[in-house]
Amino acid sequence: YSSVGQLRMRIFSARAYRALLEESWKLSLGTAIACEALSKATGIERDSAFLLGLLHDTGKPVLVHSVSEIERTNKGQSLGVEMVEILLSQLHEETGAHVLERWGMPAAFVESARDHHRYKSTSATPAQRLVHAGNLVCQHLGIGDIEKDVTWSLERVFCDLGLGDEATMLPIV
């Protein structure tokens with residue numbers, strides 16, 4: 001996990017919009033930890049669960065860096081936090097998928113980044129279900145900048161992963 005610190009320093013360290021990046025980092029790390037715990041309980045994506053969770057929101061810091069570059073070339077004129085939040089909420093999934101694809105990451109990583117807020121139940125890939133569940137665990141615990149309009153409950157997603165009983169769910173959360 002020493003490379004996790006290096007990842008944070010490289011991707012989540014822009015000076016502009018530091019609070020947004022800090023929340024994104026907390027959510028990414030929280031989702032990684034939750035995905036690893038869920039993977040141990042389900043056997044889904046055993047070798048890559050932590051990294052799937054850690055990289056699922058790659059689009060957010062990439063967009064922040066892009067906005068910062070645009071602002072720098074525009075004589076420092078800021079778009080403002082509210083506008084950047086809108087850009088992040090609307091574009092981070094597709095941007096993250098594009099970046100992960102360019103990095104040569106496996107399809108499970110690309111698909112999970114692209115669709116981690118749109119839960120598709122059993123039609124989703126195992127990696128997508130795992131990352132979505134990891135995000136919901138973070139929401140449940142109040143970790144990071146969390147998608148507010150979630151249509152699937154944590155219990156429902158856990159049931160879809162085969163973890164429907166409370167005795168299994170509670171230790172993971």
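**Glu23 and Lys26**

I started in helix H2, where glutamate 23 and lysine 26 are three residues apart and therefore separated by about one helical turn. This is a predicted model, and I kept that in mind throughout. The two side chains meet in a salt bridge, with N to O at 3.7 Å. I looked up the exposure of both partners: glutamate 23 is partly exposed at a relative accessible area of 29%, and lysine 26 is partly exposed too, at 38%.

**The other salt bridges I checked**

How many salt bridges does the structure hold? I found four.

In helix H4, I went to glutamate 69 and arginine 72, which are three residues apart, so about one helical turn separates them. Their side chains form a salt bridge with an N to O distance of 2.6 Å. Glutamate 69 is partly exposed at 42%, while arginine 72, at 55%, counts as exposed.

Next came lysine 60 and aspartate 57, a salt bridge whose closest N and O atoms are 3.6 Å apart. Buried or exposed, I wondered about lysine 60? It has 6% relative accessibility and counts as buried, because the cut-off for buried is under 20%. Aspartate 57 has 0% relative accessibility and is buried as well.

**Overall layout**

I then stepped back to the whole chain. It has nine helices and zero strands. Of its 173 residues, 45% count as buried. I also looked at contacts with a separation of 6 or more: 62% of them join residues 24 or more positions apart.

**Helix H2, end to end**

I checked the length of H2. Its 25 residues should span 36 Å at 1.5 Å a residue, and the end C-alpha atoms are 35 Å apart, so the two values agree.

**The nonpolar cores**

The largest nonpolar core has 25 residues, and the members touching the most others are Leu38, Leu100, Leu130, Phe158, Leu161 and Leu163. I noted which helices supply at least two residues each: H2 (18-42), H3 (49-55), H5, H6 (107-115), H7 (126-141), H8 (154-160) and H9 (166-172). Which helix gives the largest share? That is H7, with six residues.

Leaving out residues up to four places away in sequence, leucine 38 touches Leu130, Ala133, Gly134, Phe158, Leu161, Leu163 and Ile172. There is also a second, separate core of eight residues, among them Tyr17, Leu20, Leu21 and Leu63.

**Ala108 in H6**

Alanine 108 is in helix H6. Beyond its neighbours within four places in sequence, I found alanine 108 in contact with Glu45, Leu52 and Ala127. I also took the C-alpha distance from alanine 108 to glutamine 128: 7.5 Å, for a pair 20 residues apart along the chain.

**Out on the surface**

The chain exposes about 9200 Å², of which carbon and sulfur atoms supply 53%. I looked up a nonpolar patch there, about 270 Å², made by Leu79, Met83 and Ile86. Leucine 79 lies in the loop between helix H4 (59-73) and helix H5 (81-102). Its relative accessible area is 42%, so leucine 79 is partly exposed.

Definitions and conventions:
Residues are numbered from 1 along each chain as its sequence is written. This is a predicted model: local features need pLDDT of at least 70, side-chain atom pairs count only at pLDDT 80 or more; totals for chains, interfaces and linings use all residues. Side-chain values use heavy atoms; hydrogens and water are left out. Helices (H or I, at least four residues) and strands (E, at least two) are DSSP runs, numbered from the N terminus. Buried means under 20% relative accessible area, exposed over 50%, partly exposed in between (1.4 Å probe, protein chains only). Contact means heavy atoms within 4.5 Å. Accessible areas come from the Shrake-Rupley method with a 1.4 Å probe; for residues, only the protein chains shown count as cover. Patches are made of residues with over 30% relative accessible area and no salt bridge: like charges are joined within 9 Å, nonpolar side chains (Val, Leu, Ile, Met, Phe, Trp, Tyr) within 5 Å. A nonpolar core is a set of buried Ala, Val, Leu, Ile, Met, Phe, Trp, Tyr and Cys residues joined through side-chain atoms within 4.5 Å. The expected span of a helix is 1.5 Å times one less than its number of residues.
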